[in-house]
Amino acid sequence: MGSSYLSKGIKRTALSLALGACFVGGVQAQSNSAGAITGRAIDGDTITIVSPDTGFTRTINVSGDGSYRFSALPTGKYTITRKAADGTSSSRDITVTVGTAANVDFARAAQASGGATTLDAVQVVGTNAINPIDVSSVESTTVLTSEQIAKIPVPRNITGVALLAPGTIKGDAAFGNLASFGGSSVSENQYYVNGFNITNTFKNLNFAQIPFEAIAEQQIKTGGYGAEFGRSTGGVINLITKRGSNEFHAGGNVFWEPESLRETTPNYYWNNGQLIADNSKDKGWEATASVWASGALVKDKLFAYALLQYGRNETNAYPGTENGLSFRSLNNTRTEQKSPTWLVKLDWNITDDHLLALTAFSDKRKNERSYYRTNFGDAASPTTKPGRGNYMGTVYSEEGGDNYSLKYTGYLTENFTLSALAGHGEFTRTNYAREADGTVIRYNGNLNEVVGGCPVITSSRNWRANNGNTPPPACFMQGTLTRADAKDTRDQFRLDAEWILGDHMLRFGYDVDNFETVDGGAYSGNYQYQYNSNLSGTNQFVRRFNIRQGSTVKVDQEAFYLEDTWNITDNFLVYGGVRWDSFENKNGLGQTYVKIDNQFAPRLGFSWDVNGDSSFKIFGNAGRFALPLTANVAVRGASASIYEFQDFTYTGIDPETGMPLGMAPGGQYPEPFYANGETGAAKDPQSIASTNLKPMYQDEFILGFQAQLTDHLSAGVRGVYRELKRAIDDTCDYSPIVEWAVANGYDEGDVHPGNASFPYCRLYNPGSDGVWNIDVDGNGTIENVRIAADQLGPKAKRSYSALEFFWEGAWDRFFLQGSYTYAKSKGNSEGGVKSDIGQADTGTTQDFDYPQLMLGSFGYLPNDRRHTLKLFGNWEITDEWSVGGNLLVQSGRPENCFGIYGNDPVNYRVAYFSCDAGEPTSGRDNGTTIVERGTVGRTPWTTTFDLNVAYRPAFADGKLAFKVDVFNVFNSDKATSVDEEGEDDLGSPAGARNTYLTPLSWQTPRSVRFMVQYDF
């Protein structure tokens, strides 16, 4: 072959041939859907690999220095055979997992006195040996196989498995079931299935959910990943599905979580002891059934794997007391979800040098949420437990869709491998309501459409304080209706190549990832009515909102990358990579409002096999990672939208609907006001974003070592430092533009914010000058306006520093893996979203809207978890019985005190890092006390222990299995988030005394999951 790949001189102990997948390790510069085999033999040998499952065979020649490499291999088991020039041969068995290089050394260095290279009698060890240290890796990555996952009590979802990796924590519940990687927000990750990107780029807060039973391997990249991976400043989750083989397999299983064995969260009480929410009946059940079959359609050539999975769950939410903060009908619901999902994987070995693979799956999910009136009973009693009354109607929602990808792999020469992938994915997300009388309510996306149904009724906290804490009645169900045709569509194409040149392994590629979103929303009943009062607590009024959007927007992305892994010496390698990303965002009229070309992202790393026998490794890397602008920004910010409100006085309230009676214009805004200039007219695309806008990017540095302590135990530690260097957000403060206009000869009265070419809110990079093309005076002429960075507010800052200790032990019938992470996450910006208030407007949160909102904003961020201990494993007590455990111990998140700063200079009410210690008897005291972010305290430490027991009866020859998983065995119920509003809407701490720091969410209560499975 004449190659000298990075395995040159990399020596392995007998443990190099251990079967199974890696927990900590992974190889730099590996395909995101394949693995590799590397090693050493004798110059002139030939090495042949054969897949016993599919008959796939490849043969290559050993290079002059004794090294060899098989690239871009489908994952699975292989038999590797060395044939010497004299005709002798020897074979070994090996397992290849995604993104890793399995190493088999048929030769070892001779003794110092000999000087020749001789064959090494490599001992094949059992599957319970620890995974060898991969000295060719500079990444921080975790790989878990389906067999390993099955032995651990862990939720059957992708995030649940990802949270086993060091440096990951669970994100805020407001964004769904997502993970935060290394201090980043949950909107900064990327997800792949068999090389196809399944990240939902609408907000980066979702991804396609393949049937969990179909997952063969899950790779979690937490840092240091190569230039092949981009569009992420968090982590990467890479999934490989199961596939067919020459041997026919079929089976099925059922998972069931009964309601009777599921505990509930604690009741919610105010600080004065008043019962607000009775959660004692908020239970539900869940069941999932799967059937699958796989085999060869044509032996050694064409293989198929097919799975059909059906899931169903039902949950109930009952109301709190009449005096609760929640409105009467909102939390009295019964929700049912049905998930008929499927997956098909076809693999065609056209020849041994040309492979073709098709992946197709569907993740459609349908939800029905039925709403009921609430019977409050005796409202005079603060401990009254309300009940379920008359049926109001049902909201129907659907999400998910079908995804297809086709991948070609060609081994064009012994030194050159090429792969190409094309994929298409769709994700529907829409809802409509059907009232009890059969009336259907939906929104079709027309900004001028009249939407039926009950209007949305809300009230501010100070209104309730002035009205006996009693919220107004309401008859609405779904607050915002999503347009009926809302969906996301992705078309992706990528080309990847690997070329071995002497001591260098070059990898390069190109990918196109185009994303289209159809989105929009409007209030049920057209309006939201918010009962309110001014800051003095007088002049009560109702504010009527009309907020709606509807458009089709696009994000076009492309990238080039180049990587070189250079084996400088036998024991030392260097990795270098560069990546260029381009992004183009288009509004509802197809007009480009942001275009960024060739964002440069370099990567660099090294690995030193200190002892030359893979027993001790020192590694490090540095890299830059960029994140594009998500599609959701254009739906409202760059396309036609309406944000209208008007204030009214009223004479009464309808006791059934909550509608104000006797309305007349009055209050603070007696005339219709269009916030942010959103009048329903098209926006000028050249005025939306600063002309010097650049992508969000982050720099990362990792240094660590890993050592094999015994034949059964390895451990390591790495230091991680991440720093956000640039962010994207919006500013809604037009006062600096007014100042610019006056300084440039305009009269202040001639400045007209809100016209199509002068949006109130504009995109920029916080900390950089803003340069906008806007029509300052509304005369149709565009002016180029530059505002200095310090006039717009502070620079976006976020840093993450951590020490990660990780270990792995495996004995005859017992394995144990885990990690401890000490971390700090500090700054004034969490990233794309804002966990403080559960704001999911990726890229356009209220941060940086006005400089006043950023006073006191620097401190410990929501994803700051100082201490995290993870420990999990399994013990095979006998051939029939085994027990597994999973322990998580974690410190709490920082707590804040939000209030009103001064006289609410930007009209955001309780949104500032400002809380007064005093308790004014009436109105505001114009308090300007700043309470720095994260200085109030922390939520409590949490400890969660999960346990399972599995039984495989001997009479069934291992085909039949029973398992019981108990999650949160001790039913720990510590608070995981709290109410952080330290003042009411009047700016008074007294008004928030009963609610401040009360728990809003708790640890997931104890539940039990039963499984029965038959596989043959």
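**Salt bridges in the model**

Modeller: A search of the whole structure finds 49 salt bridges. This is a predicted model, where local features need pLDDT of at least 70, side-chain atom pairs count only at pLDDT 80 or more, and totals for chains, interfaces and linings use all residues. Residues are numbered from 1 along each chain as its sequence is written, and side-chain values use heavy atoms, leaving out hydrogens and water.

Biologist: Why is the pair R82 and D45 called a salt bridge?

Modeller: A salt bridge needs a side-chain nitrogen of Lys or Arg within 4 Å of a carboxyl oxygen of Asp or Glu. The closest N and O atoms of R82 and D45 are 2.6 Å apart, so the pair meets that definition.

Biologist: What parts does the pair tie together?

Modeller: R82 lies in strand β5 (residues 76-83) and D45 in the loop between β1 (35-40) and β2 (46-50), so parts 37 residues apart in sequence are tied together. Strands here are DSSP runs (E, at least two residues), numbered from the N terminus.

Biologist: Why does R82 count as buried?

Modeller: Buried means under 20% relative accessible area (1.4 Å probe, protein chains only), exposed over 50%, and partly exposed in between. R82 has 5% relative accessibility, so it counts as buried. D45, with 3%, is buried too.

Biologist: What makes R579 and D511 a salt bridge?

Modeller: Their side chains meet at 3.8 Å, N to O. R579 lies in strand β35 and D511 in strand β32 (residues 504-523), so the pair ties together parts 68 residues apart in sequence. R579 and D511 also belong to a network of salt bridges with R231, R490, D513 and D581.

Conventions. Helix = DSSP H or I, 4+ residues; strand = E, 2+ residues; numbered from the N terminus.
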